[in-house]
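Dear colleague,

Please find below the structure that I am handing over to you. My notes on what was found in it follow directly after.

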Amino acid sequence: MPVVAVVNCKGGSGKSTLATHLAAHYANAGSPVMLGDVDRQQSTQSWLRLRGMHNLQRSAPIVGWAVDPKRVLRPPAGVSLVVLDTPGGLRGFDLARVVAFADVIVMPVCNSVFDRESAAECHAELMTLPRVASGRCKLAAVGMRIDSRTKAADVLATWARGLKLPFIGVLREAQVYVRCVEQGLTLFDLPDEQTKTDLAQWKPIIEWLEAALRVANKPPVRRDPVLIRTPLPGSLRDEATPSLHQAATRVESVLPLIQRRPAFADAVRPSPPRLSGWFGWLTAARAGSAR
Ligand SMILES: Nc1ncnc2c1ncn2[C@@H]1O[C@H](COP(=O)(O)OP(=O)(O)O)[C@@H](O)[C@H]1O
Ligand SMILES: [Mg+2]
């Protein structure tokens with residue numbers, strides 16, 4: 001299954017915003033997504049808890065995965081796409097461990113000299129890893145929080161060209177991103193007429209991702225999208241927090257999807273503690289042959 005990792009060693013560069021939006025984009029396109037969080041703060045897992053309060057009928061499920069960065073990353077079978085959010089300061093062995101399982105890395109970069117310098121360092125470290133240097137794991141940058149009245153987009157594009165780093169698009173600075181994420185939502189969950197300009201900015205980013213995953217021979221599997229329009233959510237509608245009834249409906253709408261797909265149900269079930277060494281290997285081998 002394809003694994004998209006969102007990486008930038010600098011905190012506050014927009015990783016969690018980008019990761020949650022990518023997960024929601026694919027979920028709204030009908031792919032059950034696993035949103036992994038290598039970050040100790042587990043920000044995307046809190047986002048998922050908030051998301052569970054909404055009645056997002058057209059979205060396929062997004063399930064959480066709290067990843068221990070010190071362990072080997074082994075994405076569970078049965079999900080059609082994994083999006084990995086990562087913490088600031090991810091370097092060395094921990095970075096290599098994420099890259100070992102990623103098919104695509106997207107690096108959000110804001111436009112300040114500090115952000116560009118830090119992203120260039122992160123890019124240099126990524127390029128020391130054989131999977132990235134050889135192109136087996138594709139890498140690209142996205143400009144974040146870009147003010148269209150300035151030359152920020154051009155400055156970032158020139159910077160990326162200098163590094164021979166594909167620069168696949170920019171996202172504008174807008175409060176709607178902040179408000180959406182605070183409520184467990186993304187722009188992809190809002191009615192299209194409200195987000196036309198922003199969705200146009202996402203188009204080249206998504207197109208590049210799809211092409212990169214096709215090259216890696218891992219296009220995400222689409223599964224019967226539920227084509228019911230989402231009501232305008234939460235405070236974006238100036239209403240109180242979603243009711244318990246809405247939360248219950250959400251759980252009910254997701255359960256049949258999970259139950260219909262045994263492999264996916266396995267994926268979301270908490271895994272038993274991993275045993276190490278020969279005993280662990282023997283136990284895993286026996287469990288495999290018993291299946
Ligand atoms: N396009 C955007 N417009 C406005 N604010 C943004 C945008 N993208 C991210 N932010 C804000 O920038 C801050 C850092 O983003 P975040 O995704 O948490 O970064 P990271 O995960 O890299 O630390 C957050 O407050 C977030 O709401
Ligand atoms: Mg984050």
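Two strands are said to pair if DSSP finds at least two bridges between them; helices (H or I, at least four residues) and strands (E, at least two) are DSSP runs, numbered from the N terminus. In that sense strand 1 and strand 5 run parallel and are joined by three bridges, with I105 of strand 5 as the bridge partner of A5. Strand 1 also pairs with strand 4 in the parallel sense, over four bridges; there, the bridge partner of V6 is D85 in strand 4.

As to conventions, this is a predicted model, in which local features need pLDDT of at least 70 and side-chain atom pairs count only at pLDDT 80 or more, whereas totals for chains, interfaces and linings use all residues. Residues are numbered from 1 along each chain as its sequence is written, chains are lettered from A and ligands numbered from 1 in the order in which they are written, and side-chain values use heavy atoms, with hydrogens and water left out.

Overall, the protein has 11 helices and seven strands. Of its 291 residues, 48% are buried, where buried means under 20% relative accessible area, exposed over 50%, and partly exposed in between (1.4 Å probe, protein chains only). Among contacts (heavy atoms within 4.5 Å) between residues at least 6 apart in sequence, 81% join residues at least 24 apart.

Strand 1 has buried residues on both sides: V3 and A5 point one way, V4 and V6 the other. Helix 3 (residues 92-101) has D94, L95, R97, V98 and V99 buried. The elements that cover these buried residues include strand 1 (3-6), strand 4 (81-85), strand 5 (104-109), helix 4 (113-127) and helix 5 (130-133).

A nonpolar core is a set of buried Ala, Val, Leu, Ile, Met, Phe, Trp, Tyr and Cys residues joined through side-chain atoms within 4.5 Å. The largest one has 39 residues, and L18, L22, I62 and W202 have the most contacts inside it. Helix 1 (residues 15-28) gives the most to this core, namely seven residues. A second, separate core of 35 residues includes A5, V7, A102 and W159. Leaving aside residues up to four places away in sequence, L22 touches V4, V6, V83, W202, I206 and L209.

R145 lies in strand 6 and has a phi near 55°, a positive value in a residue other than glycine. K164 likewise has a positive phi, near 55°, and lies in the loop between helix 6 (152-162) and strand 7. K164 counts as exposed because its relative accessibility is 75%.

Finally, E182 is found in helix 7 (residues 175-182) and counts as exposed because its relative accessibility is 57%. E182 and W47 are 135 residues apart in sequence, yet 7.3 Å apart in space, C-alpha to C-alpha.

With kind regards
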